[in-house]
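Here is my note on this model, point by point. Please keep the structure open while you read.

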Amino acid sequence: MAAERENLCVSWAMRPSSAGICDSQSMASLHILCVAMSLALASMFCLPGVGAIDRVVEAAEAALKGEQLVLLGRRKLPDLDLPKVRRNAHVEIVPLSTGCLGACTYCKTKHARGHLGSYRPEAIVSRVAAAAADPLVREIWLSSEDTGAYGRDIGTNIADLLKRCVAVLPQDGRTMLRLGMTNPPFILEHLDQIAEVLNHPCVFSYLHLPVQSGSDPALLKMNREYTVEEFQRCADTLLSKVPGLELATDIIVGFPGEGHQHGGPIKIVTQQPFPVTVSKQKCTYHLAHLFLQEHCVLLGSSCRHQWL
């Protein structure tokens, strides 16, 4: 019946005028009708936010009843021991936190995830231990918007957490730990401890350390809260203390206000041996293409690129 009423309304709104075409009044009526229908349809759906994963069943039941349920507010973190189905039976992904401490000018993640909210270290270590005891699990990934910032809101830090996680891993090496992405500002004071963990035989010698730009003025416009020198200090320290470390990075190509003459991205990738570089195009394709051309000429085929 509702569908019939909608079809009738649309037919009325689109009725031809005496000239045989839809007049402006009819088009205005159609516009108002479409807005009203959109609002009506929106009221039938539920909108769970990223912090409401533990209320998915509630949202689905409300949607089936035609009820509106908006769950976008900030709540306590969902429990880590909620039932889950792994997409890869051999990889357990353990979230350390949600949100971040940054306010990067180009990023929308902050609006979705909000401010940093860290899980208690006891809950994380317990989840890691449970995953390590699973005979199917071969890798455990510690995940976060910024793993280096972990714990700053609850009086602890990433270095202490990593030591506790490593302690519960099987010492025969059948389960490996992988550290997620970290931004330079929050690991500067923990470089020695992180290097020690990355040297552990049950930890992958891999770290994702985004630089985003090789230009201090561009980093300032991005509100990245570190300088090129500080990034290089992180990279140099870890590469010197962790033999065979695979260091991945992100680079934004053509950030607004950054011209090809700046040469920041080219300079940084020639100074550091990045086996993996994720290039994010923020400006013109032409500028990004020029960067890729020069990057390949300078580094050869050993560097893998991923465009976002």
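1. Start of α6. A side-chain oxygen of N157 reaches to within 3.1 Å of the backbone nitrogen of A159, at the start of α6. A polar contact here is a pair of N or O atoms within 3.5 Å; within protein, one must be able to donate a hydrogen and the other to accept it, and residues adjacent in sequence count only if both atoms are side-chain atoms. Helices (H or I, at least four residues) and strands (E, at least two) are DSSP runs, numbered from the N terminus.

2. Basis. This is a predicted model, with residues numbered from 1 along each chain as its sequence is written. Local features need pLDDT of at least 70, side-chain atom pairs count only at pLDDT 80 or more, totals for chains, interfaces and linings use all residues, and side-chain values use heavy atoms, with hydrogens and water left out.

3. The buried face of α6. Helix α6 covers residues 158-167, and its buried residues are I158, A159, L161, L162, C165 and V166. Buried means under 20% relative accessible area, exposed over 50%, partly exposed in between (1.4 Å probe, protein chains only). Seen down the axis of α6, these residues fall within an arc of 160 degrees, so they line one face of the helix. The arc is taken from the directions from the helix axis to the C-beta atoms. They pack against α5 (121-133), β6 (139-143), β7 (176-179) and α7 (191-198). Contact means heavy atoms within 4.5 Å.

4. An arginine in α5. Is R127 buried or exposed? R127 is buried, at a relative accessible area of 17%. R127 sits in helix α5. Leaving out residues up to four places away in sequence, R127 touches L80, D81, L82, K84, E92 and V94.

5. Charge over a ring. R178 lies over the face of W141, 4.8 Å from the ring centre. The test asks for NZ of Lys or CZ of Arg within 6 Å of the ring centre and within 35 degrees of the ring normal.

6. Y106 lies in the loop between β4 (97-98) and α4 (109-113), and F255 in the loop between β9 (246-253) and α10 (264-271), so the pair ties together parts 149 residues apart in sequence. F255 is buried, at 8% relative accessibility.
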